Amino acid sequence: MTSLYKGVFFDLDGTLADTAPDLVAAANLLRVARGLSPLPYEVLRPTASAGARGLIQGAFGYDNQHPQFEELRDEFLANYEKNICVHSKLFDGMDDLLLDLEKSLIVWGIVTNKIERFTHPLLKIMGLHQRSTAIVGGDTTPYSKPHPAPILKAAEICNINPSECLYVGDDLRDIEAGRAAGMKTVAAAYGYCGCDEPVNAWGADYIIHHPSELRSIVFGS
């Protein structure tokens, strides 16, 4: 198959992999430890793309200025690290898409705001670490998304011009970062999409509702 692009880069949580079950579990452990009932999965799922900050705000209503935020964040991260890949898995259809990219010699990589301490172990357990040509975490560069630096770093690692790449993400920050990096952008509407603005207002070049829909964008058919 002939591709319109030389590289495809993915956000991790809510785009490439469905990691919310383990993230939500780590957040609900915080509530249980404080004598509170766990919140329903459906309530916390949309906050998962924003990591610890989003999940703590969803679980307690505390932003990062709250005096208890740092304590909760550290405890959340410890909970998550202990059970980082119990229920996390690739979204349905994603592995088939990655295999198509690999067969067509199209490089693919991961650009996430999840810090490297968690990104690399998770990807190793999922069997993706060796397959991904570039892995850029939230602390790989001095900036995180929506700054374009992490996405530009991934293109640099792969030695590809950003204009010949797609960036796929489930958050407005992903689209802003991809656009600023000079890539075509794809909004993953099947993901967590936790920001206030609807997906169709993000300004993405494409919107997909299932990973398989990316195939026609990449290969133009």
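Biologist: What should I keep in mind about the model and its numbering?

Modeller: The model is predicted, so local features need pLDDT of at least 70 and side-chain atom pairs count only at pLDDT 80 or more, while totals for chains, interfaces and linings use all residues. Residues are numbered from 1 along each chain as its sequence is written, and side-chain values use heavy atoms, with hydrogens and water left out.

Biologist: How many helices and strands are there in the protein chain?

Modeller: The protein chain has 9 helices and 8 strands. These are DSSP runs numbered from the N terminus, helices being H or I with at least four residues and strands being E with at least two.

Biologist: What makes the radius of gyration agree with that of a compact globule?

Modeller: The rule for a globule is 2.2 Å times the number of residues to the power 0.38, and the radius is taken over C-alpha atoms. For 221 residues that rule gives a value near 17 Å, and the protein chain has 17 Å, so the two agree. Along its principal axes, the C-alpha trace spans about 55 × 35 × 30 Å.

Biologist: Why does Leu23 count as buried?

Modeller: Buried means under 20% relative accessible area, exposed means over 50%, and partly exposed lies in between, with a 1.4 Å probe and protein chains only. Leu23 has 4% relative accessibility, so it counts as buried. Across the protein chain, 51% of the 221 residues count as buried.

Biologist: Where is Leu23, and which residues is it in contact with, leaving aside its neighbours within four places in sequence?

Modeller: Leu23 sits in helix H1. Contact means heavy atoms within 4.5 Å, and with those neighbours left aside, Leu23 is in contact with Asp13, Ala48, Leu55, Phe76, Tyr80 and Lys114. The C-alpha atoms of Leu23 and His87 are separated by 9.7 Å, and these two residues are 64 apart along the chain. For the protein chain, 65% of contacts between residues at least 6 apart in sequence join residues at least 24 apart.

Biologist: Why are H1 and H4 called oblique to each other?

Modeller: Their packing angle is about 125°, with the axes 9 Å apart. Axes are lines fitted to C-alpha atoms, for helices over the stretch in contact, and angles run from 0 to 180 degrees between N-to-C directions. Under 35 degrees counts as roughly parallel, over 145 as roughly antiparallel, 65 to 115 as roughly perpendicular, and the rest as oblique. H1 and H4 are therefore oblique.

Biologist: Which residues meet where H1 packs with H4?

Modeller: From H1 come Asp22, Leu23, Ala26, Ala27, Leu29, Leu30 and Ala33, and from H4 come Leu72, Glu75, Phe76, Asn79 and Tyr80. By class, this contact of H1 with H4 has 9 nonpolar, 1 polar and 2 charged residues. Ala, Val, Leu, Ile, Met, Phe, Trp, Tyr, Cys and Pro count as nonpolar, Asp, Glu, Lys and Arg as charged, and the others, Gly among them, as polar.

Biologist: What makes H1 oblique to H3?

Modeller: The axes of H1 and H3 come within 10 Å and cross at roughly 45°. That angle makes H1 oblique to H3. Here Leu23, Val24, Ala27, Leu30 and Arg31 of H1 meet Leu55, Ile56, Ala59 and Phe60 of H3.

Biologist: Which residues of H3 are buried, and what do they pack against?

Modeller: In H3, residues 51-60, the buried ones are Ala52, Gly54, Leu55, Ile56, Ala59 and Phe60. They pack against helix H1 (20-33), helix H2 (41-44) and helix H4 (69-82). Gly61 follows H3 and has a positive phi, near 80°.

Biologist: How do you know whether Leu105 and Cys193 are buried or exposed?

Modeller: Leu105 has a relative accessible area of 76%, so it is exposed. Cys193 has 19%, so it is buried. Leu105 has phi near 60° and lies in the loop between helix H5 (94-103) and strand E4 (107-111). Cys193 has phi near 45° and is found in the loop between strand E7 (184-188) and strand E8 (206-208).

Biologist: Which residues does a cis peptide bond join?

Modeller: Lys145 and Pro146 are joined by a cis peptide bond, with omega about 25°. Pro146 lies in the loop between strand E5 (134-136) and helix H7 (149-158).
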